[in-house]
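Please keep the structure in view while reading.

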Amino acid sequence: MSRRLLVSTAALAAVILVAPLAQTPAAGQTPSSAAKATTAGKAWTTPRTPDGKPDLQGIWSDNTLTPFERPKRLGAKEFYSDQELAELTKRVREGRQGEEVEGAELGAANPQAIRYDLEVYGFDRTKLRYTSNRTSLIIGPEGVVPPMLPQARERNAAMAAKLKGHEFDGPEQRSLSERCILLNQIRIPMTPAANEGNLLQIVQGPGYVSLLHEIDHSTRVIPTDGRAHVPQSIRLWQGDSVGHWEGNTLVVDTTNFTSLSAYRGSSDKLHLVERFTRAADDTMIYQFTVDDPTTWAKPWTAEIPWTKTKGPVYEWACHEGNTMISTILHGARVEEEAAQKKGK
Amino acid sequence: MRSWLSDSVMAGVTAAILLMAAMPGAAQAPAYRAPRTADGKPNLNGIWQALNTADWDLQGHAAAKGPVPSLGAVFAVPPGLGVVEGDEIPYLPAAVAKKKENQANWTTLDPEVKCYLPGVPRATYLPHPFQIVQSQQNILMAYQYAGAVRVINLGAPTKAPGDSWMGWSNGHWEGDTLVVDVTSLMDSTWFDHAGNYHSDALHVVERYTPRSADTLNYEATIEDPKVFSRPWKISMPLYRRVEKDAKLLEYKCVEFAEELLYGSLRKKSSN
């Protein structure tokens, strides 16, 4: 009991820590789907930086109601009609706080979060919206992450078995997110986060595109000069990213992940290709393809429209205020001591 | 013998004078015109690093025994001439005791030991490179240490939404010099391992001036009326990391600080 209480107190502290920084896409912007942006955007041309590269700069939000995986009953249906989307949006916005809607990713307005006063923290469900007509962020007929290969399931089960019974031994057994080493929301590829969505700021200089993720001030400075990856012996929590331009698209290739920074059960063989394309003044299409032959039989791809939004991007310091690890470990030690006394 | 000794003393004195003369010389921006970016601004893009011992002690200091005797010569304190103009940090009389206490207990109190964000100006002279990504509207500075980062606004100055570890930076150009005004810094960072500290009233004005193709001069004027009797200044050159494909790598130091921070809370091995 005491452990559960301590853990949930720590979780509450974490939510309070991040909540006041919540941002929703700038109000008054209409949802523009990728399809709409390309057809309606005939007169629109990609802005350029002074040195002639596509200009991706600005502050972006990837907040969206579109779920990562497609609801089963939709089968191979990849897009909603405009009318279906309007009805779904209406159901979300008029729903009671905490009421789930199939086909909608409510993020912070989800039922688990109803104990907080969402309006105080800016999680107003009447502002939630879809950012495209897609039924899921994962594209293609399946719309879900492919089944995991048996070898990958075994690998992950072995890791979980090793941890079992030792979850509270020391900091190394806690999650990377709790330890402020690699928060779930800042993992690459970048996907909409449960709490407040992500704010991403892009700043470009000659030969580099830098991508600042508000959560945990996670920053990638990506060279676009065609250089190779760092040696394979150097493994990095966020991998090694190198980029190049293909027309108006920035293509970023990332390898050299550690075996611990796995994405959805992948191994350190994870190979990620991200594509950033401006589709309108207020829209960026972020697409990524995940490839790991030791985990999935084939690569899979997701597409997330980003919406331009206003700053400021706050400093999101995590480790500096982390009382979660010490609270959890202390709770476990107190519980062990109590159990020992009882046993005597 | 006598003449050899006096010669070498003289040589030492001459070298010292030359070094002292060289320091203010570095502070005065030499007549060098920096290459321009496509929009005509001095081009500060690149990966830069300080090559001094300011992170150990901003003031001049001799080499000394390191904090971990078992590491011998590897982690001893390297000597340095110091980066403070006049070598004096003008503490208010009431603020001196805390500096001394910090210095005596730095191995447990220094925020850098705990992998906390370094603040400004310390981020600049940590023994790690940092990268300047320069755009028209803003400049991003990414620091290898702890993944620290800040974005300097070059537009109309904006007000900080709140205090933070890396502060709030508004910048503008004065000729070839990038001038950055940094405010809203928390009181939780230090300047060095020697326990030099500040309060939440800290105000830093930085000046980045190109002095050759591969060096910048860095100056920071430090003002904090709660701790110092007057503003004071540090200055140092920053060197470009010129090696091919130089790149910031991850230095996510949280895991290196966990034993220090949480070690006492580990499960004791069962008997």
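## The interface between the chains

Two residues are taken to be in contact if their C-beta atoms, placed from the backbone, lie within 7 Å. In this predicted model, 35 residues of chain B are by that criterion in contact with 39 residues of chain A. On the side of chain B that touches chain A, the elements giving two or more residues are strand E2 (130-134), strand E3 (138-143), strand E4 (149-153) and helix H5 (254-262) of chain B. The largest share of that side, four residues, comes from H5(B), and its residues divide into 17 nonpolar, nine polar and nine charged.

## Nonpolar cores

The largest nonpolar core has 93 residues, and those with the most contacts inside it are B:Val133, B:Leu140, B:Met141, B:Ala142, B:Tyr143, B:Ala148 and B:Met236. The element that gives the most to this core is E3(B), with five residues. Another core, of eight residues, lies apart from it and includes A:Leu85, A:Val92, A:Ala104 and A:Leu106.

Which residues does B:Val133 touch, not counting residues up to four places away in sequence? In chain A, B:Val133 touches A:Val203, A:Gly205, A:Tyr208, A:Ser210 and A:Val221, and in chain B it touches B:Asn45, B:Ile139, B:Leu140 and B:Ala142.

## The sheet of chain A

Chain A holds an open sheet of nine strands in the order E4-E3-E2-E1-E9-E8-E7-E6-E5, with antiparallel pairing. Its edge strands are strand E4 (218-223) and strand E5 (240-246) of chain A, each of which pairs on one side only. Neighbouring strands of this sheet are turned by 25° against each other on average, direction ignored. Strands of a sheet pair through backbone hydrogen bonds, either parallel or antiparallel.

Strand E1 (residues 58-61) and strand E9 (residues 300-308) of chain A pair in the antiparallel sense over two bridges, and here A:Ser61 stands opposite A:Thr307 in E9(A).

Is strand E3 (208-213) of chain A largely enclosed by the rest of the structure, or is it open? Six of the six residues of E3(A) are buried, so the strand is largely enclosed by the rest of the structure. In a regular strand the side chains alternate between the two faces of the sheet. Here A:Tyr208, A:Ser210 and A:Leu212 point one way from E3(A), while A:Val209, A:Leu211 and A:His213 point the other way, and all are buried.

## Backbone features

Most residues other than glycine have a negative phi, and most peptide bonds are trans. A:Asp216, in the loop between E3 and E4 of chain A, has a positive phi near 55° although it is a residue other than glycine. With 20 other C-beta atoms within 10 Å, A:Asp216 is buried, because a residue counts as buried at 20 or more. A:Asn256, which is not a glycine either, has a positive phi of about 65° and is placed in the loop between strand E6 (249-255) and strand E7 (271-280) of chain A. A:Asn256 has 19 other C-beta atoms within 10 Å and is therefore partly exposed.

The peptide bond from A:Gly311 to A:Pro312 is cis, with omega near 0°, and A:Pro312 is found in the loop between E9 and helix H5 (324-343) of chain A. In chain B, a cis peptide bond joins B:Val120 and B:Pro121, with omega about 10°; B:Pro121 lies in the loop between helix H3 (106-109) and helix H4 (122-125) of chain B.

## Confidence

The mean pLDDT of chain A is 84, and 81% of its residues reach 70 or more. Over residues 1-38 of chain A, however, pLDDT stays under 50, and the model has 65 contacts beyond four places in sequence for this stretch. Where pLDDT is low, the predicted coordinates should not be read in detail.

How values were computed: Residues numbered from 1 in each chain as written. Chains lettered and ligands numbered in written order. Predicted model: local features only at pLDDT ≥ 70, side-chain atom pairs only at ≥ 80, totals over all residues. Pairing = 2+ DSSP bridges. Axes fitted to C-alpha atoms, helices over the stretch in contact; angles between N-to-C directions. pLDDT = per-residue confidence, 0-100. Buried ≥ 20, exposed ≤ 12 C-beta atoms within 10 Å, placed from the backbone. Nonpolar A, V, L, I, M, F, W, Y, C, P; charged D, E, K, R; others polar. Core = buried A, V, L, I, M, F, W, Y, C linked by C-beta atoms within 7 Å.
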